[in-house]
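Please work through each task before reading its solution.

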Amino acid sequence: MQQPAVPELAHTTTRPIHWLATAAALAAVVAASGFLQPGAATAAQAESKTPGTTSQAVAPPDPAAVHFPLNCGPVKVVVQKKASGDLDGDGRPETVAVVRCDAGSGTPPNGVYVLTQPAGAKPRIVATLLDPKDRFSVSAFGVRDGAVTATLDGYSSDEVPRYRPDVHDKAKWQWQGGRFVRSTPARASSV
């Protein structure tokens, strides 16, 4: 065996103290990163102005203050999802709520409702976009650019297990001509 021409250097052999120093340095970096967090994120929908309206901060309607038209028997109604935005261009935000009965098991159908709140009045339902009688569940949902979009999951027959929907649809609702009009967004398909 040939001996190396250069004597063995101390820093080329790892010892337990080297591993301990590395672990301590890594722990210090992780601890420091916990203190250096970015500020809280805030989201605001772009204002939509209509001629003749004034811009003022108006809180969107609260779904908790509304009685939804669901017959849930002994269980309560639950708001699963909600989003707000100015859907009709009047300068005041509306809230869209995805609601269902709070069943202990299974997949109860959703209702999708649009809420408004005139100045000085209680919030109220002004439109039903999806009726629970249609037997669809909402898996994805959003309000953007004055439109409501949703991914709907349903069943082709009563024989299909309730945990495995086999009908999938995408829907988009927009305020047109004094009412919400449903369309199918581009690239939507049913299975």
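**Exercise 1.** Determine the handedness of the link of Cys 72 and Cys 101, and state which parts of the chain the pair ties together.

*Solution.* Step 1: the angle about the S-S bond is -85°, and the link of Cys 72 and Cys 101 is accordingly left-handed. Helices (H or I, at least four residues) and strands (E, at least two) are DSSP runs, numbered from the N terminus. Step 3: the sulfur atoms of Cys 72 and Cys 101 are 1.9 Å apart; a disulfide requires cysteine sulfur atoms within 2.5 Å. The structure holds 1 disulfide.

The model is predicted, with local features needing pLDDT of at least 70 and side-chain atom pairs pLDDT 80 or more, while totals for chains, interfaces and linings use all residues. Residues are numbered from 1 along each chain as its sequence is written, and side-chain values use heavy atoms, without hydrogens and water.

**Exercise 2.** Are Cys 72 and Cys 101 buried or exposed?

*Solution.* Step 1: buried means under 20% relative accessible area, exposed over 50%, and partly exposed in between (1.4 Å probe, protein chains only). Step 2: Cys 72 has 12% and is buried; Cys 101, with 15%, is buried.

**Exercise 3.** Describe the open sheet of 4 strands.

*Solution.* Step 1: the order is E5-E6-E7-E8, with antiparallel pairing; two strands pair if DSSP finds at least two bridges between them. Step 2: strands E5 (137–144) and E8 (179–183) stand at the edges with a single partner strand each, so one side of each lacks a neighbour in the sheet. Step 3: E5 and strand E6 (residues 147–154) pair over 7 bridges, and Val 143 stands opposite Val 148 in E6.
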